[in-house]
Amino acid sequence: MRLCRAISIGCAVLLAAVATAAAAAAPTPPRATITAKHVSVTLLIPPQQLFPGESFTAGLEFQMEPGWHIYWINAGDSGEPPTVQWNLPAGITAGSMEFPPPQRLPLGPLMDFGYENQVVFPVAMHVTADFHPALPQTRIAAHLNWLVCREVCIPGKGDLSVSRTSLRAAPALAVTDAAAKAVVARYESLLPKPLPAGDTAHFRSTPQGFLLDVETGVRDRAAQFFPLDQTVIANAAPQPAKPLPNGIQLALTKDENLQSAPQELNGLIELPDGAAYFIHATRGALQQSAGIAGSAGHLAGILGFAFLGGMILNLMPCVFPVLFIKALALVQSSRQERRHLRAHGWIYTLGILISFWAIVAVLLSLRAAGRELGWGFQFQSPLFLALVAMLFFFLGLALAGQFDLGLSLTSAGGSLAQRHGLAGSFFTGVLAMVVATPCTAPFMGAAVGYALAHSAGVSLAVFTALALGLAAPYLLLAYFPGWARVLPRPGRWMEILKQAISVPIFGTAIWLVWVFGQVAGMTALGFLLVAFLLLAIAGWFLGHWPGRRVPSVVAALIVAGAVAVPVWAVRSFGLPPSSDAAEIAQLIQHGKLAAANVWQPFTPSLLAQARAQGRPVFVDFTASWCLSCQVNERLILDNAAVEQGFRETGVALLRADWTDQNPVITQTLAALGRSGVPTYAIYPADPSAPAQVLPEVLTSGIVLHALNSLPKPDRQSAAVARPISQ
Amino acid sequence: MAHSRRYFAGFAVLLACTLWAFAVRVGTAAPDFTAMDSHGRSETLSQYRGHFVVLEWTNNGCPFTRKHYESGNMQALQRRWTRRGVIWLTILSSAPGRQGYMTATEENAYLAREHAAPTAAILDPTGVLGRLYDAKTTPDMVVIDPDGKVIYEGAIDDHATTDPADIPHSKNYVSEALSEAMSGEAVAVSYTRSYGCSVKYSGAE
C-alpha cells in the first residue's frame with residue numbers, strides 16, 4: 001500500500017513537472033509589431049514561405065510620432081542608432097541592417113543625423129541549402145534596441161518575431177505580402193549606392209577643414225555630406241557647395257580636436273533629388289579649372305540673361321514709378337546740354353551699380369558667415385518696410401503738390417533735395433535698386449540662383465549685368481536725347497503729370513504698408529499710420545513756408561519724430577510670424593475647409609510624407625512682400641480650372657511662406673537652384689524623380705500641362721485634394 | 001574702390017568670427033570661467049590651478065546619465081578621484097523648463113539622495129559654460145591637468161549604451177586619462193566622441 005501511494009505521489013509530481021515544463025515551453029504567440037513610447041516597430045518579412053535557396057529583403061520598420069526621431073548609423077553630436085540581434089533558425093542568415101540616407105536634425109548648436117516619421121531598415125536575408133525545417137512553421141525573431149528622442153530621449157527595446165510556412169523546396173507559386181514588399185523595396189531603392197564606375201572622390205586639407213570633390217557624372221548644384229567617421233567633421237557647420245562641371249565641391253569644417261589629417265573621408269553624399277552615394281574620398285589633387293573654360297560660355301549666357309532681366313525689371317510694378325520720376329526729370333532737362341544729360345545717365349547707372357554691389361557684398365559676407373539668405377531679404381525686416389513706406393508717402397505728398405522738393409523729386413532727405421542734378425540722379429539710382437529687390441523677374445530668378453551658388457567674382461559679375469540692365473533704358477534716353485525730344489515740351493501738363501505720378505507712388509506706399517501689416521501686425525500698422533500723419537504735418541510746414549529756415553527745421557524735427565514712431569512700434573508690438581497651421585487645422589476640424597483645396601504650410605517632412613503616400617506635391621514658394629507671388633496666387637492658383645486640375649490629380653498642396661527668412665525654406669529653394677520668390681515646384685510621387693520647377697510667370701496652361709504630365713493616380717483619391725494624413 | 005575694400009574687410013572679419021566658434025581644444029589651455037555652485041559659492045577654474053580638474057556635464061533625466069548614476073558608477077568615480085585630490089565639478093547646463101534643470105535646493109537634495117560626491121555642482125542654466133566648452137551631450141567629460149591644460153575630452157567610457165550591465169566591461173576614459181597623467185605618461189586616448197542625450201541648451205529644440 002505504502003509503495004502504491006509513493007508511486008502515485010511520484011507520478012503526480014512528475015506529471016505536474018512535465019505539465020509545467022510543457023507550459024513553459026509553449027511558444028509565446030509571435031508579435032510582428034511592438035508599440036512602444038512614441039514609436040512602433042514592425043518586422044517585415046514579405047515572403048510567406050521559406051524554402052532553401054530563397055533570398056529576400058526583410059525590413060525593420062520604425063514609425064515615430066510627429067517630432068520624434070531615431071538615429072542614423074552615425075548619430076551625429078548626440079544619440080545612438082538602433083541595433084538588432086537576430087534569433088534565426090539554422091539555415092537562415094541575415095546581413096547587416098542597412099541605413100537609408102538620413103536627414104540633418106539641428107538641435108541648437110548641435111547637429112544630429114537621423115529619421116523622422118517613418119523609416120525602414122532593409123536587411124538582406126538568405127535561406128541556405130542547409131535549411132531543413134522540422135516544423136511546418138518557422139519563426140524568425142529579432143531583439144531590437146533603439147533610442148527615440150525629441151526634446152528628451154527614451155531608450156527602448158523589444159522582441160519581434162514572425163512565423164512563416166517552411167517548405168523543403170521552392171513552391172510552384174510563391175506567396176508574398178505585397179504591401180510589405182513594396183514598403184521594403186521603396187526604402188531599399190533609397191539606399192546609398194557606390195559612385196558610378198569611373199567617378200571618384202578626392203579631398204584636400206584647408207585651414208578650416210577639407211575641400212571634398214565628388215564626381216557624380218553630372219553638374220550638381222547642392223549636396224550634403226554625412227560622415228561615417230565620428231570625430232573628423234564638425235557636424236553642425238554648414239557645407240558651402242560649389243558646382244563642378246561633372247560633380248560638386250563641398251567645403252567641410254573639421255572637428256576642432258582633429259589631431260592629424262585623415263587618410264580617407266568616408267561618408268554619404270546626398271543630392272537634392274534624393275540620390276545618395278557612398279564616398280570613400282582619398283587625398284588628391286582638386287579638379288583643375290578646366291571646368292572654367294567650359295563654363296565661360298555658360299557664364300556669358302547667364303550674364304546676358306541677367307542684363308535682360310534687369311531691363312525687364314524696369315517694367316515691374318515696384319520699379320516703374322521710379323522710372324516715371326526719372327522720365328519726368330528728363331522731360332524737364334531736355335533743353336540742357338548733351339554732356340549734362342549723359343552725365344546724369346552715367347551717375348544714375350553708378351548709383352544703381354554701387355547699391356547693387358553694396359548689397360551683394362553684404363550678402364556674400366553673410367553667406368560666408370553661414371547664414372542662409374536669398375535675394376530680397378531687406379524687405380523681410382519690418383522696420384525697413386516701415387521706413388521705405390514712409391519715404392514713398394513723403395515723396396507722394398511732394399508730388400501731389402503739398403510742398404515742393406525742387407528738381408530732385410527723388411532725393412530722400414531734406415538736404416539732398418537742394419542738390420538737384422547729379423546727386424539727384426545718383427540717389428534715384430539707389431532708390432530704384434532698393435525697391436527692385438523683392439521683385440524677382442523671370443530672368444532674374446535663375447541668374448540670382450546661379451550667382452549665389454558660385455564664387456564671389458561670378459556673383460559680382462552677374463549682379464553687375466543686372467544693374468546695367470536696370471539702368472539701360474534711362475541711359476539710352478540720356479544718350480539719345482533725340483528720343484527725349486519726342487517727349488512733349490514743358491508746360492502746364494507737367495504739373496498735372498507730376499501730380500499724376502504721385503498716384504503710383506502712393507500705390508507703392510499702400511503696398512508697402514500692407515506688407516508691413518502682414519509682417520508686424522495691426523497694432524504696429526496703426527502706429528505707422530500715425531507716423532504718416534506726422535509726415536503730412538511736416539509736409540504742411542514745408543509747403544506753407546517754402547525755403548524758409550525755421551519751418552524747414554521744424555519739419556525736419558517732425559520727420560525725425562515720425563521715424564521714431566515705427567521704430568518704437570515695431571519693437572513693442574511687432575508680431576512673431578503667424579503660423580497658418582493652427583488656423584487651417586481648426587478650419588478643417590469645423591468642416592469649413594472640407595470641400596476646398598487645402599494649402600498646408602510647407603515642411604520637408606510633410607513633403608516626404610506625401611511622396612511616401614504616393615502623392616505628387618505642388619509647392620508654392622511665396623512671401624507677403626512679393627507682388628508677383630500674390631498676383632499668381634489670386635489669378636492662377638485660385639482659379640477654377642487649376643483647382644479642378646489639383647483635385648483630379650490628387651496633388652498635395654504645400655505653401656512655403658518665406659516672408660520671415662525661414663532657413664529651411666531657403667535651403668529647399670537652393671536645392672531647386674533658386675534663391676528668391678516666386679518659385680513653383682512640382683515634386684513627383686516617386687522620390688527618386690527630380691522636381692519640376694515652373695516659370696515665374698504662370699499661366700493656367702502651364703500649371704495644367706505640368707499636372708497632366710504626372711502619372712495618373714487611382715480614382716478614389718481624386719475626390720478632393722485632401723490634406724496630407726499624419 | 002572704397003566699396004571693394006570695405007567688402008573684403010567685412011568679409012574677413014565675419015569669416016574670422018565664424019572660425020572662432022568653439023573654443024576648446026585638447027592640448028590647449030582650458031578656458032577660465034566663473035560660475036555659481038549649488039551652495040551659492042562662486043567657483044573659478046583658475047582657483048584650482050595645481051590640481052587635476054574633471055568637468056562632468058549631467059542631466060538627471062537622460063537615460064545615459066542615469067545608467068551611470070543608478071548603478072553607482074559615477075558616484076564611485078567621484079569618490080575614488082576626489083580622494084586622490086582631483087577636483088570634480090558636476091555641471092548642469094539645462095535651460096529652465098527643460099530636462100535636467102534643477103534649482104540649487106533640488107540639486108543638493110539630488111546629490112544627497114544619490115550619495116554623489118563631487119567637489120561642487122555648478123548651475124549653468126544659461127548654458128554659457130556649456131557653450132564655452134562645446135559640451136554636446138550628457139554625460140560629457142573634460143579632464144584638465146594641474147597646469148590648466150585640457151588632456152581629455154569626450155565620452156565617459158567606450159560603451160555608448162543605456163544599459164548599466166555594460167559598465168563593468170567598459171574602458172573608462174576618464175580614469176585612464178587621470179591615471180596616465182598622474183604617473184607622468186602621455187594620455188593615450190585624449191579625444192573621443194561623447195555619447196548621451198544632447199545638452200538641453202535654451203533655444204534648442
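Guide: Before we look at which residue faces which, we need one definition: two strands are said to pair if DSSP finds at least two bridges between them. Please also keep in mind throughout that this is a predicted model.

Let us begin with strand β8 of chain A, which covers residues 103-107. Five bridges join β8(A) to strand β9 of chain A, residues 110-116, and the two strands run antiparallel. If you pick out A:Gln103, you will find A:Gly114 standing opposite in β9(A). The two strands form a hairpin with two residues between them, and in that turn A:Gly108 has a positive phi of about 65°. In a regular strand the side chains alternate between the two faces of the sheet. With that in mind, look along β8(A): A:Gln103, A:Leu105 and A:Leu107 make up a covered face, whereas A:Arg104 and A:Pro106 make up an uncovered one.

Further along chain A you can find another hairpin, in which two residues join β17(A) to β18(A). Here strand β17, residues 241-244, pairs in the antiparallel sense with strand β18, residues 247-253, over four bridges, and A:Pro243 stands opposite A:Ile248 of β18(A).

To find a place where they meet, look for A:Ala58, whose bridge partner in β10(A) is A:Val123.

Now turn to chain B, which has six helices and nine strands. Of its 205 residues, 40% count as buried, and among contacts in chain B between residues at least 6 apart in sequence, 76% join residues at least 24 apart. Chain B also has an open sheet of five strands, in the order β5-β4-β3-β7-β8, and the pairing in this sheet is mixed. Its edge strands, pairing on one side only, are β5 (120-123) and β8 (150-154), and neighbouring strands of the sheet are turned by 15° against each other on average when direction is ignored.

Within this sheet, strand β3 (residues 53-57) and strand β7 (residues 140-144) of chain B run antiparallel and are joined by five bridges, with B:Val54 opposite B:Val143 in β7(B). β7(B) is also joined to β8(B), by four bridges, and these two strands run antiparallel as well; here B:Met141 has B:Gly154 of β8(B) as its bridge partner. β7(B) and β8(B) form a hairpin with five residues between them, and B:Gly148 in the turn has a positive phi of about 85°. Is β8(B) largely enclosed by the rest of the structure or left open? Five of its five residues are buried, so β8(B) is largely enclosed by the rest of the structure.

Finally, let us return to chain A for its helices. The axes of helix α13 (residues 522-544) and helix α14 (residues 549-573) come within 8 Å and cross at roughly 175°. Angles over 145 degrees count as roughly antiparallel, and α13(A) and α14(A) are therefore roughly antiparallel to each other. The residues of their contact divide into 22 nonpolar, four polar and no charged.

α14(A) also meets helix α6 of chain A (residues 382-400), and here the axes come within 10 Å and cross at roughly 155°. By the cut-off given above, α6(A) and α14(A) are therefore roughly antiparallel to each other too, and α6(A) passes α14(A) in a right-handed crossing. On the side of α6(A) the contact is made by A:Pro382, A:Leu383, A:Ala386, A:Leu387 and A:Met390, while α14(A) brings A:Ala562, A:Val563, A:Pro566, A:Val567 and A:Val570. By class, this contact has 10 nonpolar, no polar and no charged residues.

Methods. Residues numbered from 1 in each chain as written. Chains lettered and ligands numbered in written order. Predicted model: local features only at pLDDT ≥ 70, side-chain atom pairs only at ≥ 80, totals over all residues. Axes fitted to C-alpha atoms, helices over the stretch in contact; angles between N-to-C directions. Parallel < 35°, antiparallel > 145°, perpendicular 65-115°, else oblique. Nonpolar A, V, L, I, M, F, W, Y, C, P; charged D, E, K, R; others polar. Left-handed = near helix turned anticlockwise from the far one by under 90°. Contact = placed C-beta atoms within 7 Å. Buried ≥ 20, exposed ≤ 12 C-beta atoms within 10 Å, placed from the backbone.
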